[in-house]
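Subject: Structure for your review

Dear colleague,

Please find below the structure I am handing over to you. A summary of the findings follows it.

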Amino acid sequence: MSEEEQIRQALHSILDDAMQLLEELSDVAFASKVKVEWNSRMRSTAGRAFWPEARVELNPRLISISLVEVRRTLLHELAHLLAYYRCGRRRIAPHGVEWQL
């Protein structure tokens, strides 16, 4: 198996694990709406979460840093979506009390 294929499989595993955790912390219906995308236009940002679109964008440069960083950033951005999901439609501080729960 090539190194590229190993990385691809590891990325799928990271995504699957993160989505399973999101299902456990919210519900299957919400988790199934969440989309994760790579955004090659990102320069200085590791990731972004978009609510109410339930979308996460990740910087592909994270892969060259480490798969641990990909996982950490993905979980961080999913935590933003989870905070909004739990609080409904009201505005919340990006790293405020709701996000920390």
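A nonpolar core, as the term is used here, is a set of buried Ala, Val, Leu, Ile, Met, Phe, Trp, Tyr and Cys residues joined through side-chain atoms within 4.5 Å. Please bear in mind that this is a predicted model.

The core. The largest nonpolar core has 17 residues, and those that touch the most other members are Leu22, Phe30, Val34, Val56, Leu74, Leu78 and Leu81. At least two residues of this core come from each of α1 (3–25), α2 (28–33), β3 and α4. Val34 is in contact with Met19, Leu22, Ala54, Leu78 and Leu81, leaving aside its neighbours within four places in sequence. In soluble globular proteins, nonpolar side chains tend to be buried together.

The strands. Strand β1 (residues 35–38) runs parallel to β3, and four bridges join them. Strand β2 (residues 47–50) is antiparallel to β3, again over four bridges.

Glutamate 57. Is Glu57 buried or exposed? Glu57 counts as buried because its relative accessibility is 7%, which is under the 20% limit. Its side chain makes polar contacts with the side chains of Asn39, at 2.8 Å, and of Arg48, at 2.5 Å. Leaving aside neighbours within four places in sequence, the residues in contact with Glu57 are Glu37, Asn39, Met42, Ala46, Gly47, Arg48 and Phe50.

Helix α4. This helix comprises 21 residues (67–87). At 1.5 Å a residue it should span 30 Å, and its end C-alpha atoms are 30 Å apart, so the two values agree. Its buried residues include Val70, Leu74, Leu78, Leu81 and Leu82, and also Glu77 and His80. Thr73 is likewise found in α4; it counts as buried because its relative accessibility is 2%. Leaving aside neighbours within four places in sequence, Thr73 is in contact with Ala46, Gly47, Leu58 and Leu62. Gly88 follows the helix and has a positive phi, near 80°.

With kind regards

Note on methods
Residues numbered from 1 in each chain as written. Predicted model: local features only at pLDDT ≥ 70, side-chain atom pairs only at ≥ 80, totals over all residues. Heavy atoms only, no water. Buried < 20%, exposed > 50% of the residue type's maximum accessible area, 1.4 Å probe, protein only. Polar contact = N/O pair within 3.5 Å; in protein donor to acceptor, adjacent residues only side chain to side chain. Contact = heavy atoms within 4.5 Å. Expected span 1.5 Å × (residues − 1). Pairing = 2+ DSSP bridges.
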